[in-house]
Amino acid sequence: MDPPKVDPIDSHVTRRKMSTEHCSKVLIAMDGSDHSNYAFDWYMDRLHRKGNNVVVAHCPDYSAIYHTPGISGDASLIAEILREEAVKMEIIIDKLRERLTKTGVPGRILRLTGKPGSSLVKAAEEEEVDYVVTGTRGLGKVSRAILGSVSDYIVHHSHVPVFVCQKPKEESHHQV
Amino acid sequence: MATEEARNVVIAVDDSEFSEYAFDFYIQHAHRGSDHIILVHVPEYYHLTQAPALLTDPVVVAELIKEEEVKVKHLVEKYSEKMKKIHVGGKVKQMTGKVGEAIVEAAKGENAAMIVVGTRGMGKIRRTFLGSVSDYCLHHSPVPVLVCRHKPVSEHKK
């Protein structure tokens, strides 16, 4: 593998247009799930071109907490849960950073807040990416839908093309 | 490991500019020199089987079939030109039946590494926001799907 490029990682990286192949700016939506890891690996294996600018975007989904019945009365409980989630998120972010660093590809991790779907789409717009990469599902509890709500949102609202990567069924043992 | 193994890529095309955009985008951002492109086209007269009322007039049907054949020829020419210009190898595959199903079937049959679709086409019946074909492909494809949303037109404005 080529030695990692030492590019300054800056929010205003300009795209270099190569003569034959276009260098692309890509946003990969990741939540730490096997599905998004698969999408990431698939991108690296099948899509990545040297010179591509990669942004790994993560947006934690706290909506499930607020929708748990009985939760709204207890402020300290919510605070406790949020603290736990924050810890979990740091672990996920570390894993994502590790994954990215291992590839040797210059890129950065974008930590978003708000509703995952709309935040990711907005980030893709602001970062002016050429396309978005996402898995089909994530860490969410709803395993009925084939296309998780976040991926679904992204596909319907993204202003740029989206790669939706389904993880082959043989590899997953149980749905989270 | 990023090997340069040849892979088949299925691109769903019809005569619309949306397909062209999807094709161009794929070439620009995702194509690898060793890729073999398979353009899958489902002629529109097969769509008519879903609107039986139109099939009552044999003259109309004959007209439509003729029109469609001209379109297919034009399509094949258009994309052959494009592929020749960029020195890409590929073929056009004509399928029958429901478009979404045909594309997924083609992808499976050709052992495609991915499917490329636009979000809209030439279809006379505008069914869903996403487009029935891309929607079907997303839910039934065994491999990653590139959904090429066309550059924002009025309908995409928030």
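**Ser24(A).** I started with Ser24(A), which is buried at 1% relative accessible area (buried is under 20%, exposed over 50%, partly exposed in between, with a 1.4 Å probe and protein chains only). This is a predicted model, where local features need pLDDT of at least 70, side-chain atom pairs count only at pLDDT 80 or more, and totals for chains, interfaces and linings use all residues. Residues are numbered from 1 along each chain as its sequence is written, chains are lettered from A and ligands numbered from 1 in the order written, and side-chain values use heavy atoms, without hydrogens and water.

I found Ser24(A) in the segment before β1 of chain A (strands are DSSP runs of E, at least two residues, and helices runs of H or I, at least four, numbered from the N terminus). Leaving out residues up to four places away in sequence, Ser24(A) touches Asn52(A), Asn53(A), Asp130(A), Tyr131(A) and His29(B) (contact is heavy atoms within 4.5 Å). With His29(B) there is a side-chain polar contact of 2.7 Å (N or O atoms within 3.5 Å; within protein, one able to donate a hydrogen and the other to accept it, with residues adjacent in sequence counted only if both atoms are side-chain atoms).

**The A–B interface.** Next I looked up the whole interface: 26 residues of chain A contact 30 of chain B. The two chains bury about 2,500 Å² between them, 53% of it on carbon and sulfur atoms (accessible area lost on being put together, 1.4 Å probe, summed over both parts). I counted 14 residue pairs in polar contact, both at pLDDT 80 or more. On chain A's side, α1 (34–47), α5 and β5 each supply at least two residues, and α1(A) gives the most, with five.

**β5 to β5.** I see β5(A) and β5(B) running antiparallel, joined by three bridges (pairing takes at least two DSSP bridges). Val164(A) stands opposite Val145(B).

**α5(A).** In this helix, residues 149–157, I noted Ser151(A), Ile154(A), Val155(A) and His156(A) as buried. They pack against β1, α4, β4 and β5 of chain A, and also against α4 (132–140) and β5 (145–148) of chain B.

**Positive phi.** Most residues other than glycine have a negative phi, so I checked for exceptions. Glu128(A) has phi near 55°; it sits in the loop between α4 and β4 of chain A and is exposed at 59% relative accessible area. Asn111(B) also has a positive phi, about 55°, in the loop between α3 (99–109) and β4 (112–118) of chain B. Asn111(B) counts as exposed at 66% relative accessibility.
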